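Here is a walk through a structure with two chains to look at side by side. Have a look at the sequence and the model before reading on.

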Amino acid sequence: MKYLKLIGTTALATLTAVTPVMAQIAEIGPGEGQLSIVAWAGYIERGETDPAFDWVTGFEEKTGCKVSVKTAATSDEMVALMNEGGFDLVTASGDASLRLIAGGRVQPVNVDLVPSWKDVDDRLKNAPWHTVDGVHYGVPYMWGPNVLMYNTEVFKEAPTSWNVVFEEQTLPDGKSNKGRVQAYDGPIYIADAAQYLMANKPELGITSVYELNEDQYAAALDLLRGQRELTSRYWHDAFIQMDDFKNEGIVASGSWPFMVNLLQADGVPVASVIPKEGATGWADTSMLHVNAKNPNCAYMWFDHQLSSNLQSDLAVWFGANPSVLAACTDKRGMLTPEICTKNGLDDFERIKFWTTPVSNCAAGEGACVPYYRWVSDYIGVIGGR
Amino acid sequence: MTPSTATLPTRGIADRLTGLFWRRPGIFLLLLLLPPLLWLGVIYLGSLLALLLQSFYSIDEFSGMVRQELTLKTYGELLRPQNLDILIRTVVMAAAVTLACAAIAFPIAYYAARFAKGHWKAVFYLGVMLPLWSSYLVKVYAWKLILAKEGILSWAANATGTSFIIDGLLALPVIGSSSLSTSPLGTFMVFVYVWLPYMILPMQAALERVPTSMLEASADLGATRGQTFRTVILPLALPGVIAGSIFTFSLTLGDYIIPQIVGNSANFIGMAVYQLQGTAGNIPLAAAFAVVPILIMLVYLWLAKRAGAFDAL
């Protein structure tokens with residue numbers, strides 16, 4: 001979800017090459033009585049925030065593994081905590097998971113010991129952010145798109161293109177979009193600009209929004225400089241963005257289903273759409289620390305994660321999509337097929353999942369602009385340069 | 001029978017220690033001072049030095065890893081246009097906030113120091129301190145709502161037909177935007193509100209120390225009120241003003257919460273440090289950014305010392 005420090009692919013490749021594939025667990029023994037998880041806020045709920053959302057108590061009663069949670073706010077923090085050690089599991093996003101694998105901080109998962117693995121969405125079973133050379137290093141947790149949220153009073157019909165936030169234009173209510181749109185306050189947003197250009201400026205030849213060469217990168221920055229003129233504030237805090245939709249007259253912005261759901265519940269006239277260009281998104285995986293003290297409880301959690309109400313209720317709670325398709329329909333929790341559709345379940349193919357840009361990309365060594373430059377240049381764009 | 005000596009025989013470790021401390025008072029002093037000195041030296045200055053050292057490292061542009069060789073390259077990066085913008089923006093904001101705080105605080109401090117009596121004095125103290133007791137974040141979020149496009153301020157302006165004033169201000173280049181809460185002007189207003197008590201209190205203390213007899217002497221010698229103010233009150237109160245300005249200036253220089261919540265998202269030094277060390281992993285540049293306010297404050301304190309702000313210490 002949030003962004004991170006990049007590691008050169010050279011380092012990645014070297015580390016992967018020298019790290020022997022560690023022995024996987026062959027069978028699950030009795031539980032150790034405890035399990036510690038590093039997770040995003042809101043990911044491990046035991047009914048304390050809202051009694052209706054609880055997917056931990058049942059696990060503790062069934063397995064006797066007492067769950068303790070350490071929440072982390074950024075992928076960096078997650079990697080740092082896992083490097084420190086002392087934890088069993090982490091819910092890592094696509095930008096952290098490969099670093100953890102490359103650094104040898106997580107161990108391969110024997111999916112044969114996870115009975116519910118067969119239920120995992122086929123689109124996620126071998127996803128490149130947790131499967132390296134055919135070895136699984138984790139079990140898919142949740143995923144979600146970065147959608148275009150819009151005000152339904154201004155847009156009677158859903159906008160079809162991201163151009164409402166990228167190019168100055170007159171909106172359906174007859175007023176300009178200047179000062180009424182927002183953009184994400186994180187360098188990874190350059191990928192959203194690249195995605196818009198990929199569809200609308202094919203001559204640039206963008207093939208992957210996280211692997212941009214100098215020309216493509218410059219074009220994306222130019223687009224974002226134009227957007228600066230339209231944007232009065234960039235968002236990074238979900239609740240500030242919701243407040244801006246309520247009180248600041250903001251009518252369109254990239255956003256998460258999480259905010260759309262909360263605003264709709266609050267009676268604010270908003271809806272969301274994935275425009276024709278597609279969208280960026282995040283996909284999280286729970287991974288097992290290489291020196292985990294409680295591997296048996298962790299494997300029990302892997303199965304619990306896929307088979308219990310977790311997939312269903314967490315998807316409702318977070319506005320995300322389950323990694324088990326059956327969770328949408330089998331009423332194991334509060335999730336319904338309608339909510340799944342709303343959260344973007346059918347748009348998987350159109351979503352470019354967050355990955356850390358590195359300089360050695362598919363186009364060749366040093367052919368792409370690394371994340372380090374994305375950060376400093378995006379600071380410049382927001383500063384009006 | 002042997003003659004008894006003046007000193008009693010030592011009765012153990014405590015007596016020996018007492019003797020040692022008595023013979024070498026320096027050791028006792030050292031023991032007493034050691035814990036605070038260690039705290040100051042290791043934890044306080046040590047971490048500062050570690051930060052300073054980091055700023056002389058650089059980041060490998062290719063892999064993004066920190067290269068632990070001493071270089072000035074990172075400081076060179078500070079001079080890139082977008083980073084220079086951040087430095088200038090922060091210093092200008094800090095200076096503007098300090099001047100505005102001084103201008104607003106002076107009359108309040110003057111009244112509280114010279115005219116408020118008894119209960120009113122207590123009311124003044126409470127009124128100034130009260131905002132300091134509530135959470136800083138609550139105050140900033142409240143201001144976000146007050147300044148919002150559909151907030152209280154624009155509602156009041158609409159109701160009184162004065163919204164042209166706000167619109168006029170927002171139409172100004174550089175400081176304007178689509179609403180007060182997304183404009184640099186709004187950031188400025190919130191900064192002034194939040195740091196004002198830190199200006200009023202030292203000012204009031206300084207003004208209270210100005211002897212009334214001097215004002216009377218000035219009047220006896222035929223000075224007008226303006227002359228008395230310029231030549232007697234202001235010079236005597238100046239140390240207080242400068243002490244207050246050290247607070248408002250340095251607090252604005254380092255703050256990274258207010259410009260995140262109110263304003264147009266353009267970076268200030270604090271925000272840049274937060275972003276560079278957290279999400280970008282560019283700790284050398286973050287450290288170099290963090291060194292800038294330290295240097296600015298050192299110069300500022302040196303100037304303040306020359307102006308006599310610390311004479312009363």
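Which domains does the domain assignment of chain A give? There are two entries, with bounds that come from an automatic or database domain assignment: domain 1 covers 9-143 + 282-347, and domain 2 covers 147-255 + 356-382. Taken over C-alpha atoms, the centres of domain 1 of chain A and domain 2 of chain A are 30 Å apart.

Residues are numbered from 1 along each chain as its sequence is written, and chains are lettered from A and ligands numbered from 1 in the order in which they are written.

The scores for the model are ipTM 0.74 and pTM 0.77. For single residues there is pLDDT, the predictor's confidence in each residue, from 0 to 100. Chain A has a mean pLDDT of 86, with 94% of its residues at 70 or more. Chain B averages 87, and 94% of its residues score at least 70.

Where in chain A does pLDDT stay under 50? That happens over residues 1-21 of chain A, for which the model has 57 contacts beyond four places in sequence; two residues are in contact if their C-beta atoms, placed from the backbone, lie within 7 Å. Among the elements of chain A, helix H1 (residues 9-18) has the lowest mean pLDDT, 41, while helix H6 (residues 163-166) has the highest, 95. Where pLDDT is low, the predicted coordinates should not be read in detail.

**The two chains in outline**

Helices (H or I, at least four residues) and strands (E, at least two) are DSSP runs, numbered from the N terminus. A residue is buried if 20 or more other C-beta atoms lie within 10 Å of its own, exposed if 12 or fewer, and partly exposed in between, with C-beta atoms placed from the backbone. The radius of gyration is taken over C-alpha atoms, and the globule rule is 2.2 Å times the number of residues to the power 0.38.

| Chain | Box filled by the C-alpha atoms, along the principal axes |
|---|---|
| Chain A | roughly 65 × 50 × 30 Å |
| Chain B | roughly 110 × 75 × 35 Å |

Chain A has 14 helices and 15 strands. Its radius of gyration is 21 Å, close to the 21 Å that the globule rule gives for 385 residues, so chain A is as compact as a globular protein of that length. Of those 385 residues, 55% count as buried. Looking at contacts in chain A with a separation of 6 or more, 73% are between residues 24 or more positions apart.

Chain B comes to 14 helices and 2 strands. A compact globule of 313 residues would have a radius of gyration near 20 Å, but chain B has 27 Å. Here 35% of the 313 residues count as buried. Residues 24 or more positions apart make up 69% of the chain B contacts with a separation of 6 or more.

**A sheet in chain A**

Now for a closer look at some strands, which pair if DSSP finds at least two bridges between them. In chain A, an open sheet of 5 strands runs in the order S10-S9-S11-S8-S12, with mixed pairing. Its edge strands, each pairing on one side only, are S10 (231-235) and S12 (270-273). From one strand to the next, the twist averages 30°.

Strand S9 (residues 181-184) of chain A runs parallel to S10(A), joined by 3 bridges. Val181(A) has Thr231(A) as its bridge partner in S10(A), and Ala183(A) stands opposite Tyr234(A) there. S9(A) is also parallel to strand S11 (residues 252-255) of chain A, with 2 bridges, and Gln182(A) stands opposite Ser253(A) in S11(A). Do the side chains of S9(A) point one way or the other way? Val181(A) and Ala183(A) point one way, Gln182(A) and Tyr184(A) the other, and all are buried.

Strand S8 (residues 147-151) of chain A pairs with S12(A) in the antiparallel sense over 4 bridges. Tyr150(A) has Ala271(A) as its bridge partner in S12(A).

**One residue in chain B**

Ala237(B) is found in helix H11 (residues 225-254) of chain B. Why does Ala237(B) count as buried? Because it has 24 C-beta neighbours inside 10 Å. Beyond its neighbours within four places in sequence, Ala237(B) is in contact with Met203(B), Ala206(B), Leu207(B) and Val210(B). Val210(B) is 27 residues from Ala237(B) in sequence and 7.3 Å away in space, C-alpha to C-alpha.

Key:
Predicted model: local features only at pLDDT ≥ 70, side-chain atom pairs only at ≥ 80, totals over all residues. Axes fitted to C-alpha atoms, helices over the stretch in contact; angles between N-to-C directions.
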